[in-house]
Amino acid sequence: MLAENLENWRKKERQEGRQEGRQEGELNILRKQLTFKFGPLPSWVDDQLQKATSEQLEHWSEQVLVADNLDALFTH
């Protein structure tokens with residue numbers, strides 16, 4: 001029983017670590033896209049990115065393709 005609980009805990013930790021890694025990767029790619037399109041990013045954008053969920057990062061990664069400016073991207 002103890003070994004089973006330990007293995008389940010390890011699986012959960014690995015899964016959470018992979019999720020955090022994916023989210024960090026999404027954040028880095030989006031930051032690069034934003035910088036490439038809009039130039040140096042203001043601090044408020046970095047604040048938004050740091051607080052974002054994986055779903056928000058994914059949405060913004062799609063919307064950066066059609067956004068005219070940072071305000072338009074982050075207010076929708």
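The following dialogue examines the fold, the surface and several residues of a predicted model.

Tutor: In this predicted model, local features need pLDDT of at least 70 and side-chain atom pairs count only at pLDDT 80 or more, while totals for chains, interfaces and linings use all residues. Residues are numbered from 1 along each chain as its sequence is written, and side-chain values use heavy atoms, with hydrogens and water left out.

Student: In what order do the elements of the protein chain run from the N terminus on?

Tutor: Helices (H or I, at least four residues) and strands (E, at least two) are DSSP runs, numbered from the N terminus. The protein chain holds four helices and zero strands. The order from the N terminus is therefore α-α-α-α.

Student: What radius of gyration does the protein chain have, beside that of a compact globule of 76 residues?

Tutor: The radius is taken over C-alpha atoms, and the globule rule is 2.2 Å times the number of residues to the power 0.38. The C-alpha atoms fill a box of roughly 55 × 20 × 15 Å along the principal axes. A compact globule of 76 residues would have a radius near 11 Å, but the protein chain has 17 Å.

Student: Is Arg14 buried, partly exposed or exposed?

Tutor: Buried means under 20% relative accessible area, exposed over 50%, and partly exposed in between (1.4 Å probe, protein chains only). Arg14 lies in helix H1, residues 2-38, and its C-alpha atom is 34 Å from that of Pro42, 28 residues away along the chain. Because its relative accessibility is 42%, Arg14 counts as partly exposed.

Student: Which residues does Leu27 touch, not counting those up to four places away in sequence?

Tutor: Leu27 also lies in helix H1, and with a relative accessible area of 11% Leu27 is buried. Contact means heavy atoms within 4.5 Å. Beyond those sequence neighbours, Leu27 touches Leu49, Gln50 and Leu57.

Student: Why is Leu30 counted as buried, and with which residues is Leu30 in contact beyond four places in sequence?

Tutor: Leu30 is a residue of helix H1. Leu30 is counted as buried because its relative accessible area is 0%. Its C-alpha atom is 13 Å from that of Pro40, 10 residues apart in sequence. Leaving aside neighbours within four places, the contacts of Leu30 are Leu49, Leu57, Trp60 and Ser61.

Student: Which aromatic residues do ring pairs link into a cluster?

Tutor: Rings of Phe, Tyr and Trp (its six-membered ring) pair if their centres lie within 6.5 Å; planes under 30 degrees apart count as stacked, over 60 as edge-to-face and the rest as tilted. A search of the whole structure finds two aromatic pairs. One of them, Trp44 with Phe74, is edge-to-face, at 5.7 Å centre to centre and 80° between the planes. The cluster linked by ring pairs consists of Trp44, Trp60 and Phe74.

Student: How many residues apart in sequence are the parts that the pair of Trp44 and Phe74 ties together?

Tutor: Trp44 is partly exposed, with a relative accessible area of 33%, whereas Phe74 is buried at 10%. Trp44 lies in helix H2 (residues 43-51) and Phe74 in helix H4 (residues 70-74), so the pair ties together parts whose separation in sequence is 30 residues.

Student: What share of the 76 residues in the protein chain is buried?

Tutor: Leu27, Leu30 and Phe74 are examples of buried residues. Over the 76 residues of the protein chain, the buried share is 21%.
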